[in-house]
Amino acid sequence: MVPRYTRPVMAAIWSPENRYRIWFEIEALACEAMAEYGSVPKEAAQVVREKGDAAMAAFSEQDLNRIDEIEAETRHDVIAFLTWLAEKVGPESRFVHLGMTSSDILDTCLAVQLVQATDLLLNDLDEVLAALKARAFEHKHTLTIGRSHGIHAEPTSFGLKLAGHYAEFARNRTRLETARAEIATCAISGAVGTYAHLDPRVEAYVAERLGLQPETVSTQVIPRDRHAAFFCALGVVASGIERLATEVRHLQRSEVREAEEFFHPGQKGSSAMPHKRNPVLTENLTGLARLVRAAVIPALENVALWHERDISHSSVERNICPDATIGLDFALARLSGMISKLVVYPERMAANIESLGGVVHSGEVLLALAKAGLSREDAYRIVQRNAMETWTKLGTPEGRTFRENLAEDQEIAGRISPDVLDAAMDSRQHLKALDVQYEKIFAEVGPKG
């Protein structure tokens, strides 16, 4: 991911320094396990640990260059690292990597990195949940128009809109926790995964100390269905980001103006038009969501490797693992900030509810007529006729409100009282179930947020 959309803490997880530290930790733990189970001298394992820890603590640009220099000759990244480590450890390095294969290091390291990245993403999601919850309660009773097909439907609560997104991100948090558990997998099983040169207890030892679970059947690589599920989870989170971003982008449109991104002092919206206040953050979030989702198909295609292993997945993962997690980390951080500072215009929301002359109350009028004794078909016909009369003449000298048209309809006269009509057109009735809805939303997701 380009630096513009990269936060340092997430970027550090994918740095060569972090990768090599994890590689050494895996090798050192495996060596210690072998010493415990009798296949490596304990004194040798101690030397590997002490000298390796010292080398990693002093790891510098010079060490990176040395590993790259070796790899340029060997054309093998793990061998290049092991050669560099041998230079630091000395003769005892002959006990490092015994019976192991490169995938034992690469796949277990990737699992650790993905777990580290996921823990950051879970923290990011908590920030989003906290922001959404705060704004949902702030605007619990703020009336706004609900829309279906982009067209005014019936009134709702702006807080309920946000609460719905909260519930979605709470589900996404659960999905990400599930993905973390599935990806947190260790494989130290050797060539083609048979443990022919390794005690299976070595794998269990390393896994426990890294906070991982041993892979059930590694073949030689950890099966990529785990990784596919992980990236699918990231893609679903990204889609949740885009859904919320799209909502804000619509609400900020000049014709709507019900909410907008915070416009900072000194901020400029256009090089040519000084009046512009554009939804740049949510447009950016929409684009970032596309990039995160772009990792899903390659991750799915990585599942079908040849026989016990190939490396067709390797080049893919070198790109999608850092890019998708870095991009999602940045997007979630931007989203929580955008929601916290979102500027909301309740008066504009109230005006928009009535901007179509009151036709958005047609459903409640329909119910009132049905309760008064009309068949549903007759009630629908009468209400639609008056709604269309209002709709088609909006803004013209002949235009009248929906309430006025209903009052003069002879098929309605005498069937329901003016008070009933007025009650049917009161937007506040759409808030009567809010307490039940909020209790369900915020109780189901538990303490997060």
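Author: The overall picture comes first, followed by some single residues. Please keep in mind that this is a predicted model.

Reader: How many helices and strands are there in the protein?

Author: The protein contains 18 helices and six strands. Its radius of gyration is 31 Å, well over the 22 Å that the globule rule gives for 449 residues, so the protein is more spread out than a compact globule.

Reader: What does the C-alpha trace span along its principal axes?

Author: The span is about 100 × 50 × 35 Å.

Reader: And what share of the residues is buried?

Author: Of the 449 residues, 47% are buried. The accessible surface comes to about 21500 Å², and carbon and sulfur atoms account for 54% of it.

Reader: What share of the contacts with a separation of 6 or more joins residues 24 or more positions apart?

Author: That share is 77%.

Reader: How many positive and negative side chains are there?

Author: There are 50 positive and 63 negative side chains, and the centres of the two sets lie 5 Å apart.

Reader: Let us move to single residues. Where does Lys140 lie, and is Lys140 buried or exposed?

Author: Lys140 lies in the loop between α6 (102-138) and β1 (143-148). Lys140 counts as buried because its relative accessibility is 13%, under the 20% limit for that class.

Reader: Which side chain makes a polar contact with that of Lys140?

Author: The partner is Asp435, with a polar contact of 2.6 Å between the two side chains. Not counting residues up to four places away in sequence, Lys140 touches Ser157, Gly159, Leu434, Asp435 and Tyr438.

Reader: Now Asn352, please. Where is Asn352 placed, and what does its side chain reach?

Author: Asn352 sits in helix α13 (residues 346-353). Its side chain reaches the backbone oxygen of Val256 at 3.1 Å. Asn352 is buried, with a relative accessible area of 7%.

Reader: Which residues is Asn352 in contact with, leaving aside neighbours within four places in sequence?

Author: Those residues are Arg147, His152, Val256 and Glu258.

Reader: Another asparagine, then. In which helix is Asn405?

Author: Asn405 belongs to helix α16 (residues 402-407). With 5% relative accessibility, Asn405 counts as buried. A polar contact of 2.8 Å links its side chain to the side chain of Thr390.

Reader: What else is Asn405 in contact with, beyond its neighbours within four places in sequence?

Author: Besides Thr390, the contacts of Asn405 are Asn386, Glu389 and Arg400.

Reader: Is His307 buried or exposed?

Author: His307 counts as exposed because its relative accessibility is 72%, over the 50% limit for that class.

Methods
Residues are numbered from 1 along each chain as its sequence is written. This is a predicted model: local features need pLDDT of at least 70, side-chain atom pairs count only at pLDDT 80 or more; totals for chains, interfaces and linings use all residues. Side-chain values use heavy atoms; hydrogens and water are left out. Helices (H or I, at least four residues) and strands (E, at least two) are DSSP runs, numbered from the N terminus. Buried means under 20% relative accessible area, exposed over 50%, partly exposed in between (1.4 Å probe, protein chains only). A polar contact is a pair of N or O atoms within 3.5 Å; within protein, one must be able to donate a hydrogen and the other to accept it, and residues adjacent in sequence count only if both atoms are side-chain atoms. Contact means heavy atoms within 4.5 Å. The radius of gyration is taken over C-alpha atoms; the globule rule is 2.2 Å times the number of residues to the power 0.38. Accessible areas come from the Shrake-Rupley method with a 1.4 Å probe; for residues, only the protein chains shown count as cover. Lys and Arg count as positive and Asp and Glu as negative; His and the chain ends are not counted. The place of a charge is taken as NZ of Lys, CZ of Arg, CG of Asp or CD of Glu.
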